[in-house]
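Visitor: Please show me the model, and then let us go through it by question and answer.

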Amino acid sequence: MRAIPRARVLPRLSRWLAVCVLMSGLALARGASALVLGQSDDFEDDTTQGWVVNLLGFASSTLPPINVPNNGPAGAGDNFLRLSSNGGFGSSGRLVVINPAQWAGDYAAAGITAISASLRNLGETDLSVRLYFADATSADPTNQAISTNPILLPSGSGWVDVIFPIAPGDLSALRGTAAAALSGAAEMRIFHGGTASFPPDRIVGILGVDDLAAVPEPGAGLLLGLGLAWLAARRRR
């Protein structure tokens, strides 16, 4: 399945937003997983919200992710995360950012089959943006998978609302299986990759990221919402 521009599905979002909130609350109440439907990063707290470049003890990047306090999708006063790479050797050469905190967990159990986001290409090089999941924050995970189809962002793009489908069929397994990488995810990464492979390409690039959210795919959420509406109508009768 290809990556889906979020603009095409926004009319449906209001139909299942309440369902997402309800399911997120239930997951929190169970305490089964830190990762839940509705998990989101909007960067309005002036931090990178756990997104980093290095995890394995390598030399610190000279281009760490930065929280920018203005000119996000909502304009003045809207924070966003800026990622940069210089195309050279070392951790600054690749456009990639890692989160081993709130984006680790069991995506299957939480019912998360897509990640929505707002993206902007702030550089002079076209970008192919993908997601990466692995079951260990190491150089040798047992299961790792990435987006088969990227989000294509031309140089100098404005903010674009997108959805990354992340059901196992939407990912390419690099090791083990995509299902295992999602059910035991120890990290999620956002990166530029011209091909469905990892490590990613070296590139000179700048990417803006905002409003990351864990959601069901619109079709699944819509069906669930219609089912709940049918049950409610049946009770009234």
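Visitor: Is Asp140 buried or exposed, and with what relative accessible area?
Guide: This is a predicted model, in which local features need pLDDT of at least 70, side-chain atom pairs count only at pLDDT 80 or more, and totals for chains, interfaces and linings use all residues. Residues are numbered from 1 along each chain as its sequence is written, and side-chain values use heavy atoms, with hydrogens and water left out. Buried means under 20% relative accessible area, exposed over 50%, and partly exposed in between (1.4 Å probe, protein chains only). By that scale Asp140 is exposed, with a relative accessible area of 53%.

Visitor: Which side chain does Asp140 meet in a salt bridge?
Guide: A salt bridge requires a side-chain nitrogen of Lys or Arg within 4 Å of a carboxyl oxygen of Asp or Glu. For Asp140 the N to O distance is 1.9 Å, and the partner is Arg175.

Visitor: Why does this pair tie together parts that are apart in sequence, and how many residues apart are they?
Guide: Helices (H or I, at least four residues) and strands (E, at least two) are DSSP runs, numbered from the N terminus. Asp140 lies in the loop between strand E7 (127-134) and strand E8 (144-147), while Arg175 belongs to strand E11 (residues 171-175), so the parts tied together are 35 residues apart in sequence.

Visitor: What is the relative accessible area of Arg175?
Guide: Arg175 is classed as partly exposed. For Arg175 the value is 35%.

Visitor: Which residue pairs with Arg189 in a salt bridge, and are the two buried or exposed?
Guide: The side chain of Arg189 meets that of Glu187 at 2.2 Å, N to O. The count for the model is two salt bridges. Arg189 and Glu187 are both buried.

Visitor: How many nonpolar residues are in the lining of the largest cavity?
Guide: On a 1 Å grid over the protein atoms alone, a cavity is a set of points where a 1.4 Å probe fits but cannot get out, and lining residues have an atom within 4 Å of a point. The largest cavity holds about 50 Å³ of space, a volume being the space filled by probe spheres set on the points, with grid points joined across faces, edges and corners. Ten residues line the largest cavity, and the closest to its centre are Val53, Leu63, Ser84, Arg94 and Val96. With Ala, Val, Leu, Ile, Met, Phe, Trp, Tyr, Cys and Pro counted as nonpolar, Asp, Glu, Lys and Arg as charged, and the others, Gly among them, as polar, the lining has four polar residues, one charged and five nonpolar.

Visitor: Leaving aside neighbours within four places in sequence, which residues is Ser183 in contact with?
Guide: Ser183 is found in helix H3 (residues 178-183) and is partly exposed, at 33% relative accessible area. Contact means heavy atoms within 4.5 Å. Beyond its sequence neighbours, Ser183 is in contact with Gly105, Asp106 and Tyr107.

Visitor: Which residue does a cis peptide bond join to Phe198?
Guide: Most residues other than glycine have a negative phi, and most peptide bonds are trans. Here omega is about 5 degrees. The residue lies in the loop between strand E12 (187-192) and strand E13 (204-215), and is Pro199.

Visitor: What is the phi of Phe43?
Guide: Phe43 lies in the loop between strand E2 (40-41) and strand E3 (66-68). Phe43 is buried, with a relative accessible area of 0%. Its phi is positive in a residue other than glycine, near 65 degrees.

Terms used:
On a 1 Å grid over the protein atoms alone, a cavity is a set of points where a 1.4 Å probe fits but cannot get out, and a pocket is an open set with protein on both sides within 12 Å along at least five of seven lines; lining residues have an atom within 4 Å of a point.
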